[in-house]
Structures are given as C-alpha cells and as structure tokens.
Amino acid sequence: MKGKNSAGFFALVISIIAIPFIITNDYYIGVLVFAAFNCLACIGLCLLMGYAGQISIGHGAFVAIGAYTSGILTSKLAWSPWLAMLCGVLIVIVVAFSLGIPALRLKGHYLAMATLGFASIVHIVAVAAVDLTGGPSGIVNIPRLDLFGYVLNSDTQYYYFSWSVVALAVFIAFNLVNSRVGRGLQAIHGSEDAASSLGINITSYKVQIFILSAVFSSISGSLYAYYMNYIDPGPFGVMHSVLLVTMVAVGGLHNIWGALIGAIALSLLPEFLSFLSDYLQVLGIHYQPDYDTLVYGSILLIIMLFLPEGIFDGLASTLRGSKSFYGKLAGRRTGRVQ
Amino acid sequence: MSNSILELQLLRKNFGGVVAVSDLSLDIEKGSITSLIGPNGAGKTTIFNLVTGFLHPSSGHIRFAGRVLNKIKPHTIAAIGIGRTFQNVQIFPKMSVIENIMVGRHLRSRAGIFYSSILPPFLRNEEKLIRAAAEKQLTFLELEQYAHVPAGGLPLGNQRMLEIARALAIEPKLLLLDEPASGLNARETIAMGELIEKIKQMNITVLLVEHDMELVMDISDHVAVINFGRLIAEGSPAEIQENDDVIAAYLGE
C-alpha cells in the first residue's frame, strides 16, 4: 500500500472499531453487517471491472452459490460452517473457471452476457430445485459462525467479524493493485495489444481475476447465510447482481475506496428512504417501498451523467479543483504568478 | 545465413481475397538496423503483426533465432525476445509513466496473484527490482521528470519514447518499431534517430517501419522496399536510393 492508501486503511480500521460505540442500536448495526457483505462482493467486483475492465452482471450468482453451499452443508449435513464456506469457495472457483475460459478468450463484453445468463440460471435453480435448496421457502436452521469455538451470537460481534473480513479484503485488494499482477490487469484495461506485446497472458489474467472476484462474492454469501441463519431465493435474483454493479459504478470503478463507498451508500439508502417516507407521510405523500427502484435508477443516471468517474474520484477531483482555486487566490495575494 | 536473427521465408497473408503479404522472403541481420519502407498499404504493419503473433501467416515461415514462430501467441513471442511498438501509440493512459515501464518488467518477474495479494509491495523484494529496472529505462530515455505523471497526459513525442522505454524493459533481442517518428517534429525526429542508434549499440537488432526517408537513410544498415505485399528491392540505403523500381513505386510510375 502507498502512503495515501495506508492512511485510508488506518482510517477504515479506526472507523470499524469506533462505530459500535457511537451507534448502539442493534438494528443499525445489523444494517452495517449487510453493508459489509455488499462491500466484500463489491471489492472483488471492482478488481474485475475497474482494474481489469471486464464486466460481470452475475456476481449475485456467486453470492448465492456461497450462501446455498454453506446453508445446505451446515443445515442438512451438519458440516462445520468454516468447512462449508471453503467448499463454497471451491465450487465457485470451478464454476468461475468454466464460465470464464470461453467468455474471456474473446475480446469484448461477452463476459457480461455469459454472467447475466448464469445469474438467472442460478436463481431459477434456487427456486425450482426444491429438494436441494428448499425452493421458495428456502433453508432454515443454518448455524451461527464460531470463531475458535466462540460463537458469534450478538450483532456487534458479527459486525466486528464481518468488517474485519472487509478490512482484510481491502488489504488484499490494495496489495494486488500495486503489484506485478495489478499492473498487468490495468495494462489489459489500457490496451490488450500492448499488454500482450509485453508478455502478459491476457486470457489467463482475466480468468484469474474473475475467479478471485467470484471468491470474494462467495465468502460474502456464506457470511450472509451464517448471519441470517435462513436463506431463500428472494435476495439472489438477477437484480442483486445489477445492484452490485451499480454500487461499484456509483462509488467509482477505478478505485477500491470508491467500491467501498458505493457499497456502503447504496446499502444504507433503503434505510434512509424508509426514514424519509415517514416524513413524507406527515406531508401527505405516500412513499411506497416499490419506489426504491426508481430512486436507484435515478441515482445511477445522475452519477453517470455528472460524475462518470464515480462519487469517490468525482469528489477527489472537486477537492483538488478547490485546492487549486485557493492556491490561485493565495498566489494572487502574495503576488506570485500561477 | 547464420548471422540473421529473423528470417521470413515465402511469407504470405491473405485477408479473404486480399493478399496483404505475398510470398515475401527477407533476412534480418543480427545487430543491424533494418528498415521496411513502402507506400501506405504495402503490408509493412501486417508483417509486424505476423512476426509478433498478432496475426498468423497463411503460408510460409517466420524463424527467429532458429525457432519457427508461425502459430505462437503474442505474449509468448514477447517472452522469446521480440519487443514492439505500435503505429498508433498504445500506452496505458491512466497509469503513470513509471508504472507503464514497470509493466514492461512483467517477463522479468514472477510474483503470482496469491503472493501479490498477501504481501504489501514494500515487503516484496521483487517489487524493488522492478522499480529499479524501470527507473533505469526512465533515465535512459530522459523521462525522469514525468515519472509520476499519468502517461495519457504526455505530448506525443514523449508517449512514443515511453512506448520504446516500455518495450526495452522486456530486454528484447529484436525490437520492432512501427513508425516511431510519425507525428514528431524535426528536433524530436533527430532525437528518435539518435535513440535508435543507441539501441543498436546495446546489441538489440532493430526492425523499423518509417515514412521519414531522411531518418531511414540516415540510420539504416539495410533497407527493404515493399509494395503490394511484395519485396521489390533490398540493399544499403545508397543502393535503394538509386533503384529504379523503388523510385517508380514511390512516384507511382
């Protein structure tokens, strides 16, 4: 990690530790736990989309595979949650590999099409394979996660655990970005021809990063299952995959911090909207939860129009802009020519 | 000829019914600067793409240091020791200048995705070696002051220099330069010529496609003239300048 990123990482760790002391309401801590799951999936997706330039509209499917593998193995076969999570990761590696090899050998956005199709298949299987997945009624009795024999019972404990995983993911992502592999990925994004002329095996790198990002999603799904103790196909539709892409795009594709901010912002948005609807109710406006989709759409539209680099880079450049503005002012005052 | 590093033998490339390169044979002498010249559309860039694996020949052979390159992929060809630049500059615009060159050290380093993920860069010794090697190229091409500038913001002349620095970072035995002086002003063109001669002194064979005849005649040891995918003449710059076929090709008969 470089200087600025180390500072950012430090700030992240401090905030993770401090927030439960400020927010003591279990409900809001629970909301933040969900935000952590989304962050985890989005960090992986950001590596794939922002750095390697490949679009996946199917990462919700990998979240689902992680969640269902964990759910089925622990509740029906009484596996250890950790072993079940590992098994989910292995399945996702195999699936992502077989999906990535044909789709990523081609130039262009074939991966987006392949993953979109895959996401709907996984959702259909989750609904229809009743014997395996419990169908629409889902799987119950998924155990809580234990840490060295110590079961994570309270929301706060789970909060600390899941955000530690996010911090680890951020650490991994930054190491990767500032490495030989990360530069290779950015090179592929910049120019595939130039990258291969320098000896970078493009297909292999794309497949590797696709697998890694899928693994992040799978772990996120497993952690979700252990937190909820119950899963059903509802949250694993194609729209969830689209939402993950939206989070990364809103926050900023080219920056891990952007993905984190996007994931947190859009995870908290429904809470904010329900909060808002209470006030609108007073004013006689009946806000329906169905309108959420409209709000998401509008946000994506506005971001793409006015901050195409995402919230993070958009704000950063605005900040730089104001800095140079003040710099100019200061320069004028002291008589220096800028 | 044992002294040639690259041999093209009856090389042919068809795009549908169009013959871009037609039974062309050419030997590139080791340690030389060889220029490919010819009118636009003569097939020069196609030859570059064939040699570097971006295209595969319809028939004929490409031999590099004794090895046949016909069906090999671009990244493997880079590993065998052929570097290249592109006619329309292909730098990585969002990466800084030094990072662009560091990508060129890809083949000279090994860290995989797992090792790269778990250790921060300052704990990885290889990362230091990559940076040091990149800084060496940066100094060689006098681009130090731009080290941390996004490459996309450089003027074209410096972008071409950067592309060469990046290609040199892979430590190639053969370097293919596709119109390195196009878009450069007179002063930059002279600097480019000096740079190419310096590269030759580093024991790197240079194959050059260039339209700036003054530059070509100035630095080349050997010139090959191509028209409609065929070799119409080859020889020393002086011989080429007096060749009637060449004059006809350039003046349109």
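Reader: What does the secondary structure of chain A come to?

Author: In this predicted model, chain A comes to 14 helices and 2 strands. Its radius of gyration is 21 Å, close to the 20 Å that the globule rule gives for 338 residues, so chain A is as compact as a globular protein of that length.

Reader: And what box do the C-alpha atoms of chain A fill?

Author: Along the principal axes, the box is roughly 75 × 60 × 40 Å.

Reader: How many of the 338 residues of chain A count as buried?

Author: The buried share of chain A is 46%. As for contacts in chain A with a separation of 6 or more, 76% of them are accounted for by residues 24 or more positions apart.

Reader: Let us take one residue. Where is A:Gly100 placed?

Author: A:Gly100 is in helix α4 of chain A, which covers residues 81–104.

Reader: Buried or exposed, and why?

Author: A:Gly100 counts as buried because it has 23 C-beta neighbours inside 10 Å, and the cut-off for a buried residue is 20 or more.

Reader: Which residues is A:Gly100 in contact with, leaving aside its neighbours within four places in sequence?

Author: Those contacts are A:Lys206, A:Val207, A:Phe210 and A:Ile211. A:Lys206 lies 106 residues from A:Gly100 along the chain, and the C-alpha atoms of the two are separated by 8.0 Å.

Reader: On to helix packing. At roughly what angle do the axes of α2 and α11 of chain A cross?

Author: Helix α2 (residues 26–51) and helix α11 (residues 238–251) of chain A cross at roughly 70°, and their axes come within 9 Å. The angle lies in the range 65 to 115, and α2(A) and α11(A) are therefore roughly perpendicular to each other.

Reader: Which residues of α2(A) and α11(A) meet?

Author: From α2(A) there are A:Asn38, A:Ala41, A:Cys42, A:Leu45, A:Cys46, A:Met49 and A:Gly50; from α11(A) there are A:Leu244, A:Val245, A:Met247 and A:Val248. By class, this contact of α2(A) with α11(A) has 9 nonpolar, 2 polar and no charged residues.

Reader: Now chain B. How many helices and strands does its secondary structure come to?

Author: Chain B comes to 10 helices and 10 strands. A compact globule of 253 residues would have a radius of gyration near 18 Å, and the 19 Å of chain B agrees with this. The C-alpha atoms of chain B fill a box of roughly 65 × 40 × 35 Å along the principal axes.

Reader: What share of chain B do buried residues make up?

Author: Buried residues make up 47% of chain B. Of its contacts between residues at least 6 apart in sequence, 68% join residues at least 24 apart.

Reader: How do the axes of α5 and α6 of chain B cross?

Author: Helix α5 (residues 125–140) and helix α6 (residues 156–169) of chain B cross at roughly 135°, with axes that come within 9 Å. α5(B) and α6(B) are therefore oblique to each other, and the crossing is right-handed.

Reader: Which residues meet there, from α5(B) and from α6(B)?

Author: B:Ala133, B:Ala134, B:Gln137 and B:Leu138 in α5(B) meet B:Ala165, B:Leu168 and B:Ala169 in α6(B). The residues of this contact divide into 6 nonpolar, 1 polar and no charged.

Reader: Finally, how many residues of chain B are in contact with chain A?

Author: There are 33 from chain B, in contact with 25 residues of chain A. On the side of chain B that touches chain A, the elements giving two or more residues are α2 (74–80), α3 (97–103), α4 (113–118) and α5 of chain B. By class, that side of chain B divides into 19 nonpolar, 9 polar and 5 charged residues.

Key
Residues are numbered from 1 along each chain as its sequence is written. Chains are lettered from A and ligands numbered from 1 in the order in which they are written. This is a predicted model: local features need pLDDT of at least 70, side-chain atom pairs count only at pLDDT 80 or more; totals for chains, interfaces and linings use all residues. Helices (H or I, at least four residues) and strands (E, at least two) are DSSP runs, numbered from the N terminus. The radius of gyration is taken over C-alpha atoms; the globule rule is 2.2 Å times the number of residues to the power 0.38. A residue is buried if 20 or more other C-beta atoms lie within 10 Å of its own, exposed if 12 or fewer, and partly exposed in between; C-beta atoms are placed from the backbone. Two residues are in contact if their C-beta atoms, placed from the backbone, lie within 7 Å. Axes are lines fitted to C-alpha atoms, for helices over the stretch in contact, and angles run from 0 to 180 degrees between N-to-C directions. Angles under 35 degrees count as roughly parallel, over 145 as roughly antiparallel, 65 to 115 as roughly perpendicular and the rest as oblique. A crossing is left-handed if the near helix is turned anticlockwise from the far one by less than a right angle, and right-handed if clockwise. Ala, Val, Leu, Ile, Met, Phe, Trp, Tyr, Cys and Pro count as nonpolar, Asp, Glu, Lys and Arg as charged, and the others, Gly among them, as polar.
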